[in-house]
Amino acid sequence: MGKKNAEFSSTKPKRGRGGGRGRGSSRANAKATSSRRTDRIMQDWRPESAIDDVEEADNDPDGSDKEERENHVHIAVPVAMWDFDHCDPRRCSGKKLSRLGLIKELRVGQRFRGIVVSPKGTQVVSPGDRDIVSQGGLAVVECSWARLDDVPFNKIASPHERLLPYLVATNPVNYGKPWRLNCVEALAAAFYITGFDEYAEKLLSGFGWGASFYKVNKPFIERYRQCTSSAEVSATQDKIMEELEHSWEESRRQKGE
């Protein structure tokens, strides 16, 4: 797909609110500060090319077995999206999932009772959301980064709206950029964090670059999965951000010597 909703990922949390995040003036400032910091860090760090990963996968003797396993996986929970047709259909991961029969399109105003990855969320998704996903499924808002103001978020109803913690995009449009996950990456991230690995892999298997998402984000995902609540995931994200900044500063210091 084209550019994706930046707010699938969370901002740096406000202290003392159990990891609550969302849109608003003070939270927007926190997001801007976090984005500047991570952009600075990413100038000196970038994961290896997803194209290299695809080529390695083609030569992997176990690759065919893994593909066969993924083909037999049935996603037993609802997977859905509200699609606002903002993106180039040729690049839209949500539309490709729809063509593959892996996602259902929702009407504006239609209620979804599972987890919805949305900028209206006030907390990040966590392993504690597993039961909600198991019973109600997972949905996303498919829209453009540049047209968030055009989305009627007040008509996208769910009792369980969530943001995502710090992760790095591996899609071809925003490869290597923090927060810039597209539709399938957002869904896969939420499935991984809530413990539905096979569902995440099933969605990603339809994309040549899909395997690189977990490879790049495994260190982060594994740490989030050790948490039990949104507050713990938020605290873990803060620690990850501090470590990344320290690593960046140390790298810059060594280059200056």
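Tutor: Gladly! One definition to begin: contact means heavy atoms within 4.5 Å. Keep in mind, too, that this is a predicted model.

Student: Which residues does Gln 110 touch, leaving out those up to four places away in sequence?

Tutor: Trp 82, Lys 104 and Ala 157 are the ones Gln 110 touches, once residues up to four places away in sequence are left out. Gln 110 itself is found in the loop between strand E2 (104-105) and strand E3 (115-117).

Student: Why is Gln 110 called buried?

Tutor: Buried means under 20% relative accessible area. Gln 110 has a relative accessible area of 17%, so the word buried applies.

Student: And why does Lys 215 count as partly exposed?

Tutor: Partly exposed lies between the buried limit, under 20%, and the exposed one, over 50%. Lys 215 has 48% relative accessibility, so it counts as partly exposed. You will find Lys 215 in helix H8 (residues 211-225). Its C-alpha atom is separated by 9.6 Å from that of Thr 170, 45 residues apart along the chain.

Student: What makes E1 largely enclosed by the rest of the structure?

Tutor: Count its residues: 5 of the 5 are buried, so E1 is largely enclosed by the rest of the structure. Val 79, Met 81 and Asp 83 point one way from E1, while Ala 80 and Trp 82 point the other way. In a regular strand the side chains alternate between the two faces of the sheet.

Student: How do you know that E1 and E4 pair?

Tutor: Two strands pair if there are at least two bridges between them. E1 and E4 are joined by 5 bridges, so they pair, and they run parallel. For example, Met 81 has Val 140 in E4 as its bridge partner. E1 also pairs with E2 in the parallel sense, over 2 bridges, and there Met 81 stands opposite Glu 105.

Student: What is the order of the strands in the open sheet?

Tutor: The open sheet has 5 strands in the order E2-E1-E4-E3-E5, with parallel pairing.

Student: Why are E2 and E5 called edge strands?

Tutor: Each of them pairs on one side only, and that is what the name refers to. E5 pairs with E3 over 2 bridges in the parallel sense, with Glu 161 in E5 as the bridge partner of Val 116.

Student: Which helix lies across E1, E3 and E4?

Tutor: That is helix H6 (residues 183-193), running at about 155° to E4.

Notes: Residues numbered from 1 in each chain as written. Predicted model: local features only at pLDDT ≥ 70, side-chain atom pairs only at ≥ 80, totals over all residues. Heavy atoms only, no water. Helix = DSSP H or I, 4+ residues; strand = E, 2+ residues; numbered from the N terminus. Buried < 20%, exposed > 50% of the residue type's maximum accessible area, 1.4 Å probe, protein only. Axes fitted to C-alpha atoms, helices over the stretch in contact; angles between N-to-C directions.
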